[in-house]
Number of protein chains: 2
Amino acid sequence: MSDASPLIGVLGGMGPLATVDFMHKIIAECAAGRDQDHVPVLAWNVPQIPDRQHALAGTGASPVAALQAGVRVLEAAGATRIVIPCNTAHHWFDVLQAGSAVPFIHIVDATLRYLREPGSERIGILATRGTLAARLYQQRLAAAGIGWVINTDDELDTLFTPGCYAVKRQALEEGGHLLARAGEHLLARGATRLILACTEVAVALAAIASPLLAISLDSNQALARECVAYWQSVRPGSCRMGRA
Amino acid sequence: MSDASPLIGVLGGMGPLATVDFMHKIIAECAAGRDQDHVPVLAWNVPQIPDRQHALAGTGASPVAALQAGVRVLEAAGATRIVIPCNTAHHWFDVLQAGSAVPFIHIVDATLRYLREPGSERIGILATRGTLAARLYQQRLAAAGIGWVINTDDELDTLFTPGCYAVKRQALEEGGHLLARAGEHLLARGATRLILACTEVAVALAAIASPLLAISLDSNQALARECVAYWQSVRPGSCRMGRA
């Protein structure tokens with residue numbers, strides 16, 4: 001677990017496409033000249049994890065045991081940092097971190113680091129009901145004095161949640177249109193910027209080339225940048241931050 | 001290592017983008033309705049492996065120790081099949097398979113399974129000098145009575161090899177144009193179909209939307225399909241083969 005052999009452990013599979021999108025963003029954010037300068041990653045992309053949204057709604061089994069099994073695999077392989085490219089699963093971040101000696105990087109902390117001039121913005125949080133109920137983003141935004149808006153229960157039921165599950169069955173365009181409409185409701189209520197606080201959203205909006213992407217902060221990309229920053233800190237000169 | 005807990009182990013990082021492309025193709029080839037029905041994958045995407053092309057040219061260290069270290073990680077995590085989304089690395093396939101009790105799936109076997117009516121086609125093999133020198137594809141094609149053509153030394157030096165390394169530094173369009181020109185030389189010499197026998201090629205040709213893709217057999221996609229077929233064989237009903 002020494003930084004002499006850095007290794008990013010990815011606790012993935014939630015969903016599998018969001019994990020692959022995250023891995024792609026790690027590569028895209030690391031302007032390296034050769035294979036050997038890219039970030040070393042071990043990705044546990046095992047989607048047989050009980051559904052997180054159902055667990056938080058009280059209608060399904062807990063994913064904790066499966067997530068802990070994934071953490072054990074990453075630890076045993078020598079991961080020096082562990083990341084979870086799924087916002088909803090961060091409901092269990094503290095219990096997973098408490099059970100591991102490997103430092104985890106929190107996706108919400110990574111994302112909010114990219115909010116510049118926070119006072120001037122009103123954030124629309126595009127997230128699952130579980131992420132919203134856990135107040136993962138709202139608490140941190142409130143602490144920073146930043147205003148936010150979220151989708152109503154009705155918008156979650158008719159737009160966000162079906163959009164998210166459309167991505168999981170690879171109906172990316174259908175998901176993109178539903179999620180874009182959820183985002184437009186947030187703009188209509190005063191949001192000046194969106195946080196894509198669910199890692200399925202960016203792939204779906206990209207599939208329809210949504211103009212919302214221009215005013216969005218992508219949590220998956222922010223987490224990828226944190227991984228690249230860590231890699232640069234332990235291997236200076238390996239790659240530059242930013243797109244090649 | 002029982003099929004009761006199937007897990008595809010990916011010995012990746014050669015290059016990292018080809019591995020992510022491969023993981024994306026596993027998802028794309030598995031028409032699943034929910035996260036839990038997708039193929040479970042553990043991907044060792046650790047690109048700090050000595051350069052395979054340099055090793056085969058006698059100008060660099062052997063990658064074998066690094067590859068064996070990756071195999072150990074996948075084995076320890078319970079991989080039930082191991083795949084290598086890099087054709088050149090298959091030069092060391094036999095030594096890696098001999099050192100492991102986990103069955104490996106060979107990318108060349110996976111690819112050639114998709115050649116239909118083989119007698120009617122003449123195959124252009126787009127591959128690294130190392131893959132060509134190991135005759136990974138030529139031997140199997142000759143055994144099946146299928147004709148083939150390959151790039152000349154000059155074409156490898158000026159088109160294929162620089163195209164491949166362009167992909168590794170994420171200059172995808174530059175790589176795509178070089179690799180497409182290498183492919184066009186094969187067509188000019190009578191090839192009726194191309195095998196993308198290097199996993200960097202498909203991502204590069206896709207980046208320039210090359211018309212060559214329509215007559216190409218992508219080794220990365222073929223290997224992904226074999227992984228999906230394995231998953232379906234041990235978990236019938238999990239997903240249908242083919243795009244969603």
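In the predicted model, B:G15 lies in the loop that connects strand 1 (8–11) with helix 1 of chain B. The peptide bond between B:M14 and B:G15 is cis, with omega about -10°. A corresponding feature is found in chain A, where the bond from A:M14 to A:G15 is cis and omega is near -15°. A:G15 is placed in the loop between strand 1 (8–11) and helix 1 (16–28) of chain A. A further backbone feature concerns A:Q170, which has a positive phi of about 70° although it is not a glycine. This residue, A:Q170, occupies the loop between helix 8 (153–168) and helix 9 (172–188) of chain A.

The relation between the two chains was examined next. Chain B can be superposed on chain A with an RMSD of 0.0 Å by a turn of 180° and a shift of 0.0 Å along the axis. The two copies are thus related as by a two-fold rotation axis. The same surface serves both copies, since 100% of the contact residues of chain B recur in chain A. Among the residues of chain B, B:A43 comes closest to the rotation axis, its C-alpha being at 2.5 Å.

In the interface, 41 residues of chain B are in contact with 41 residues of chain A. Together the two chains bury about 3,000 Å², of which 58% is on carbon and sulfur atoms. On the side of chain B, the residues that lose the most area to chain A are B:D35, B:Q36 and B:Q170, which together account for 21% of what that side buries. The count of salt bridges between chain B and chain A is 4. One of the residues named above, B:D35, forms a salt bridge with A:R52, in which the closest N and O atoms are 2.8 Å apart. The elements of chain B that give two or more residues to the side touching chain A are helix 1 (16–28), strand 2 (30–31) and strand 3 (41–45). Of these, helix 1 of chain B gives the most, with 7 residues. By residue class, the side of chain B that touches chain A divides into 25 nonpolar, 9 polar and 7 charged residues.

Strand pairing also links the two chains. Strand 3 (residues 41–45) of chain A and strand 3 of chain B run antiparallel and are joined by 5 bridges. Within this pairing, A:W44 stands opposite B:L42 of strand 3 of chain B. An open sheet of 8 strands has the order 5(A)-4(A)-1(A)-3(A)-3(B)-1(B)-4(B)-5(B), and its pairing is mixed. The edge strands are strand 5 (104–105) of chain A and strand 5 (104–105) of chain B, each of which pairs on one side only. In chain A, strand 4 (residues 81–83) and strand 5 run parallel and are joined by 2 bridges. The bridge partner of A:V83 in strand 5 of chain A is A:I105.

Strand 4 of chain A also contains A:R81. Leaving aside residues up to four places away in sequence, A:R81 touches A:D3, A:L7, A:I8, A:G9, A:V102, A:P103, A:I105 and A:Y230. A:R81 and A:V10 are 71 residues apart in sequence, and their C-alpha atoms are 8.6 Å apart in space.

Conventions:
Residues numbered from 1 in each chain as written. Chains lettered and ligands numbered in written order. Predicted model: local features only at pLDDT ≥ 70, side-chain atom pairs only at ≥ 80, totals over all residues. Heavy atoms only, no water. Contact = heavy atoms within 4.5 Å. Buried area = accessible area lost by both parts, 1.4 Å probe. Salt bridge = Lys/Arg side-chain N within 4 Å of Asp/Glu carboxyl O. Helix = DSSP H or I, 4+ residues; strand = E, 2+ residues; numbered from the N terminus. Nonpolar A, V, L, I, M, F, W, Y, C, P; charged D, E, K, R; others polar. Pairing = 2+ DSSP bridges. Least-squares fit on C-alpha atoms with pLDDT ≥ 70 in both.
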